[in-house]
Amino acid sequence: MRSLLSSAITVAIASAQLAAEMPPQSAERPSAADLSSPVLLRTMLYPVLRDSGLIFSGTVIKVERRNSDSSSALATTSIRFRVDEAIRNVRQGQVVEVKEWGDLWQSGERYHPGEHVLLFLYPPSKLGLTSPVGGSSGRFPVNSAGHVLLRSGVSSPSRQIQMRRVVAAIREAEKE
């Protein structure tokens, strides 16, 4: 289930896309999308961006469970990604290894080789572990055409937003 923050991010990005695609309005009557988009970007994207150490879209290369049979070691899951779109603290083409606490795998935080995702990850902890900011709020599927799939609610259909529009919205929100 997507959290309220995830829904708000979806609305903010969709509003930014809609505003960019609409013809210019007269100076006397700005559209509702034009008025709400900057506010939504600032108030909704900023909390996810603020807590993110790494932001990128990537393809899952390999998933490996580690130390799951040892009672003395912390169980982790290692996920390797090839960075397709570098946004923060990564380079395009770089292979990034993310280590998550093993119990996240049990709670549904799973990845599959070949899967494409947009991730907002916390900075690694002292143990080298990280996870998406706000759980599912920091993880979005990306389809084979390179569009980010966003939902405005649990029962609503996914909206396909071009990656360049999402990146532009993120960069604009980071400036504020």
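Colleague: Is Phe120 buried or exposed, and at what relative accessibility?

Modeller: This is a predicted model, in which local features need pLDDT of at least 70 and side-chain atom pairs count only at pLDDT 80 or more, while totals for chains, interfaces and linings use all residues. Residues are numbered from 1 along each chain as its sequence is written, and side-chain values use heavy atoms, with hydrogens and water left out. Buried means under 20% relative accessible area, exposed means over 50%, and partly exposed lies in between, with a 1.4 Å probe and protein chains only. By that rule Phe120 counts as buried, because its relative accessibility is 1%.

Colleague: How many helices and strands does the protein chain have, and in what pattern do they follow each other?

Modeller: Helices (H or I, at least four residues) and strands (E, at least two) are DSSP runs, numbered from the N terminus. The protein chain has 4 helices and 7 strands, and along the sequence their pattern is α-α-β-β-β-α-β-β-β-β-α.

Colleague: What share of the contacts between residues at least 6 apart joins residues at least 24 apart?

Modeller: The protein chain has 176 residues, of which 43% are buried. A contact here means heavy atoms within 4.5 Å. Among contacts between residues at least 6 apart in sequence, the share that joins residues at least 24 apart is 58%.

Colleague: What is the relative accessible area of Phe140, and which residues form an aromatic cluster?

Modeller: Phe140 is buried, because its relative accessible area is 2%. The residues that form one aromatic cluster are Phe56, Phe81 and Tyr111.

Colleague: Which residues does Thr59 touch, leaving out those up to four places away in sequence?

Modeller: Thr59 belongs to strand E1, and this residue is buried because its relative accessible area is 7%. Not counting residues up to four places away in sequence, Thr59 touches Arg80, Phe81, Arg82, Asp84, Gly114, Glu115 and His116.

Colleague: Which residues are linked in a network of salt bridges?

Modeller: A salt bridge is a side-chain nitrogen of Lys or Arg within 4 Å of a carboxyl oxygen of Asp or Glu, and a search of the whole structure finds 8 of them. One of these joins Glu64 to Lys62, with the closest N and O atoms 3.9 Å apart; Glu64 counts as partly exposed because its relative accessibility is 30%, and Lys62 is partly exposed at 38%. The residues linked in a network of salt bridges are Lys62, Glu64, Arg66, Arg80 and Glu97.

Colleague: How far apart are the closest N and O atoms of Asp84 and Arg82?

Modeller: Asp84 is partly exposed, with a relative accessible area of 27%, and Arg82 is partly exposed as well, with 37%. The two residues form a salt bridge, and their closest N and O atoms are separated by 3.4 Å.

Colleague: Which residues does Asn143 touch, not counting residues up to four places away in sequence?

Modeller: Asn143 sits in the loop between strand E5 (139–141) and strand E6 (147–150), and this residue counts as buried because its relative accessibility is 18%. The C-alpha atoms of Asn143 and Val117 are separated by 8.3 Å, although the two residues are 26 residues apart along the chain. Not counting residues up to four places away in sequence, Asn143 touches Leu149 and Gln160.

Conventions
Phe/Tyr/Trp six-rings, centres within 6.5 Å; stacked < 30°, edge-to-face > 60°.
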